[in-house]
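I opened the notebook to record what I looked up in this structure, entry by entry. The sequence and model come next, and my notes follow.

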2 protein chains.
Amino acid sequence: MTGRAMTAELITIGDELLIGQVVNTNQAFIAERVNGLGIRIARMTTVGDDLDAIVASFADGMARADVVLVTGGLGPTHDDITRTAVCRLLDTDLVVNEDVRRHIESLLAIRNLSWSHAMDDQIRVPRAATVLPNPAGTAPGLWCERNGRVLVVMPGVPYEMKAIMEGSVLPRLAERHAGRVIIQRTLRTTGIPESMLAQQIGDLDEVLETARLAFLPSPRGVRLRISVEASERGTAEALVARVEGRIRARAGKYIYGTGDQELEEVVGRMLADRGLTLSVAESCTGGEIASRITDVSGSSAYFERGVVAYSNRSKVEVLGVPEGLISRAGAVSKEVAEAMARGILERSASSFALSTTGIAGPTGGTPGKPVGLVWIGIADRRDVLAVKFTFGGSRSLIKERASQAALELLRRRLLGLDGGG
Amino acid sequence: MTGRAMTAELITIGDELLIGQVVNTNQAFIAERVNGLGIRIARMTTVGDDLDAIVASFADGMARADVVLVTGGLGPTHDDITRTAVCRLLDTDLVVNEDVRRHIESLLAIRNLSWSHAMDDQIRVPRAATVLPNPAGTAPGLWCERNGRVLVVMPGVPYEMKAIMEGSVLPRLAERHAGRVIIQRTLRTTGIPESMLAQQIGDLDEVLETARLAFLPSPRGVRLRISVEASERGTAEALVARVEGRIRARAGKYIYGTGDQELEEVVGRMLADRGLTLSVAESCTGGEIASRITDVSGSSAYFERGVVAYSNRSKVEVLGVPEGLISRAGAVSKEVAEAMARGILERSASSFALSTTGIAGPTGGTPGKPVGLVWIGIADRRDVLAVKFTFGGSRSLIKERASQAALELLRRRLLGLDGGG
């Protein structure tokens with residue numbers, strides 16, 4: 001186990017996964033934790049409640065990987081076939097385990113329940129398997145070894161699986177695994193498409209050394225994920241820092257945050273730190289900007305108010321946009337975006353104001369003003385300006401992209417970067 | 001292809017999945033839709049951005065299943081190796097596709113972007129592959145056939161994958177597949193927890209005959225999914241209709257919609273049909289109600305305006321809530337909720353108004369007014385009332401639950417059902 005990183009495969013079992021009834025969240029949880037130990041996950045497989053398919057997937061996994069982690073098919077219901085599959089694979093049989101019996105008896109006592117037939121099966125485990133206690137339920141985890149390789153079986157119920165992972169599996173894997181460390185860091189960008197971002201970053205061989213870089217697009221922008229694998233944490237961290245530095249030197253102005261940070265948190269922190277306040281006047285984004293800002297705990301310190309001026313009448317009455325301006329320039333125009341931003345700024349006495357007016361679609365577009373056209377205004381005490389954007393996608397994607405662009409406009413203004421898109 | 005149901009396998013590609021950074025939601029989406037055609041998913045596999053592993057997974061899948069559906073690794077960046085894997089598998093090469101070139105050129109033109117080097121790769125597709133249009137992005141889907149089996153490759157970005165699935169893949173698969181029919185119907189409920197809903201529906205054997213019923217809880221309410229499998233569409237549809245009728249007879253007042261319908265669509269349709277208008281005054285929901293209402297195309301016909309009155313000052317200035325009332329009753333109170341609803345109703349001259357004021361947390365709670373306490377007001381020309389709710393969960397869950405409860409309050413008012421929670 002020296003030199004080479006240990007590899008693992010994940011097998012999740014359950015018909016409910018194959019019909020799409022349930023989103024498989026166990027995979028991401030297990031992968032992240034196992035990866036954190038420096039063990040590389042090479043493959044994930046999902047099979048149904050079918051004995052032959054399960055046995056085949058176990059055999060395939062153990063032929064390729066050092067560790068095979070399995071969830072599902074251990075519950076007290078009729079489709080509990082995972083234990084049978086383990087026996088088939090290891091050519092062994094099921095025997096009653098007294099520790100499991102005592103555990104189930106004590107759980108039943110706490111819940112004032114009596115022993116049921118289903119429990120008779122639950123206390124039988126494959127001979128030679130090590131039982132991993134399940135503090136959250138009746139079905140224990142199982143740890144089996146063959147030819148120096150490990151097969152771990154856990155129930156599929158997420159909180160039971162998590163309890164067994166944290167309590168038994170991760171400590172055992174950490175002990176078994178000497179060495180490799182994997183570190184990741186995500187940089188969040190917005191306002192630049194994936195292809196242009198790749199161009200901006202340039203020659204990846206120069207940037208990355210032995211690191212890897214993934215481009216992960218989303219409606220709010222492209223995330224850049226740096227991954228480094230090394231034998232020591234210090235080496236890995238230093239390489240991640242060098243790579244991040246090079247990427248920031250080339251595309252820094254598009255990077256608004258790291259990890260899970262959302263743009264509304266970044267902008268909110270900047271406003272709070274400087275004692276500034278914000279109000280928004282939204283037409284086509286329909287309240288989404290206000291909603292995102294108020295998703296952040298503590299936003300009441302800097303968010304003064306929002307207006308969703310959907311009708312022309314409300315633009316006039318609530319924001320003071322001149323009626324003549326709307327009929328002359330059109331509700332979706334630079335002039336109206338600016339008047340909306342100015343209107344909410346003056347009425348709220350905030351430090352900054354954002355405004356949006358556009359055509360979210362799918363109807364309402366014209367050749368001159370197509371679906372996706374959005375004017376975003378930004379005002380402060382000194383001046384006001386509006387920037388034109390054209391976004392693609394569905395109505396809700398256009399709203400989301402316009403919200404992101406508005407918050408990014410404010411971020412750049414706060415940083416003294418160019419205000420343009 | 002007669003008698004036996006077609007089988008499919010799913011392959012999702014991406015290092016981000018193997019390290020657990022991203023929860024794999026594509027699998028459940030694809031599985032549910034493909035299952036809906038009566039095609040059985042036999043296995044799901046996830047591999048990393050590794051050419052050999054991808055080619056091997058394609059070959060394994062095509063050896064076992066009639067259809068292999070692949071997502072991921074089609075973006076315009078360096079880790080785009082899926083197309084290369086397709087060529088390796090099918091022993092062919094990449095050729096420039098003029099349809100794809102024109103599609104990308106038109107997307108770039110709309111967004112005012114210029115051609116980048118990365119696009120030169122994007123327009124090359126495996127010879128003999130059929131290109132499936134991607135209305136939501138640059139990378140097209142690919143449909144390949146070999147020995148009567150199908151390999152479909154789609155980008156991993158969920159909204160692009162969904163657009164290609166709905167627009168091209170599902171229609172093509174439906175055409176190809178003859179045989180068993182699986183029909184599903186989802187009834188959406190809100191305002192009642194899963195356990196009480198189960199009680200309300202009662203004895204499932206009586207209700208279901210040979211159908212299956214899944215309870216799917218979410219922050220917006222519990223969805224009830226009826227599934228029926230039969231050899232003929234007519235038989236399946238008749239059983240679904242009988243089951244739906246029985247469920248509606250027992251729990252109808254909690255059911256606001258079916259399928260993917262959101263409450264804001266249902267309420268919006270009711271308002272539009274009757275020529276009524278709505279305005280909202282939000283405090284703790286922070287614009288989320290307005291944003292949801294304006295997610296619906298055509299909402300400008302009935303949504304007059306929204307105010308996000310986050311500060312006390314804005315409640316006074318924009319909604320006319322008396323300052324003394326706020327200091328006497330507190331901003332989070334029945335009185336203020338009612339005053340907010342009345343204020344926006346009068347100022348907007350709408351038919352209906354909704355208001356929210358509450359404590360979204362995680363800070364700001366007191367023993368008398370804990371986190372999760374929300375007053376929701378509803379006003380029309382004749383009267384105004386406010387209903388008290390206590391929601392659990394994180395800040396964003398409390399916002400979401402309060403938005404849903406407010407819209408449900410309006411739905412019940414419009415139907416003449418009881419106005420209470």
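Which residue of β16(B) does B:Phe352 stand opposite? I found B:Asp380 there. Before going on I noted that this is a predicted model, in which local features need pLDDT of at least 70 and side-chain atom pairs count only at pLDDT 80 or more, while totals for chains, interfaces and linings use all residues. I also noted that residues are numbered from 1 along each chain as its sequence is written, that chains are lettered from A and ligands numbered from 1 in the order in which they are written, and that side-chain values use heavy atoms, with hydrogens and water left out.

**Entry: strand β16 of chain B**

I stayed with β16(B), residues 373-380, helices (H or I, at least four residues) and strands (E, at least two) being DSSP runs numbered from the N terminus. Strand β15 (residues 352-358) of chain B pairs with β16(B) in the antiparallel sense over 7 bridges, where pairing requires that DSSP finds at least two bridges between two strands. On β17 (residues 384-390) of chain B I read 7 bridges to β16(B), also antiparallel, with B:Ala379 opposite B:Val384, and the two strands form a hairpin with 3 residues between them.

I then asked why β16(B) counts as largely enclosed by the rest of the structure. The reason is that 8 of its 8 residues are buried (buried is under 20% relative accessible area, exposed over 50%, partly exposed in between, with a 1.4 Å probe and protein chains only). One face carries B:Leu373, B:Trp375, B:Gly377 and B:Ala379, and the other B:Val374, B:Ile376, B:Ile378 and B:Asp380.

**Entry: where the chains meet**

I turned to the interface, where 80 residues of chain A are in contact (heavy atoms within 4.5 Å) with 77 residues of chain B. The two chains bury about 5,900 Å² between them, 50% of it on carbon and sulfur atoms; buried area is the accessible area (1.4 Å probe) that two parts lose on being put together, summed over both. In chain A, the residues losing the most area to chain B are A:Leu18, A:Arg43 and A:Tyr310, together 9% of what that side buries.

I found 7 salt bridges across this interface, the rule being a side-chain nitrogen of Lys or Arg within 4 Å of a carboxyl oxygen of Asp or Glu. I looked up the pair B:Arg313 and A:Glu304, which forms a salt bridge with the closest N and O atoms 3.8 Å apart.

Strand β2 (residues 40-47) of chain A runs antiparallel to strand β2 (residues 40-47) of chain B, joined by 5 bridges, and A:Met44 has B:Thr46 as its bridge partner. A:Thr45, in β2 of chain A, counts as buried because its relative accessibility is 4%. Leaving aside neighbours within four places in sequence, I listed its contacts, among them A:Leu10, B:Arg43 and B:Thr45.

**Entry: salt bridges within a chain**

In helix α10 (residues 233-251) of chain A, A:Arg248 and A:Glu244 lie 4 residues apart, about one turn of the helix, and their side chains meet in a salt bridge at 2.9 Å, N to O. A:Arg248 is partly exposed at 34%, whereas A:Glu244 counts as buried at 13%.
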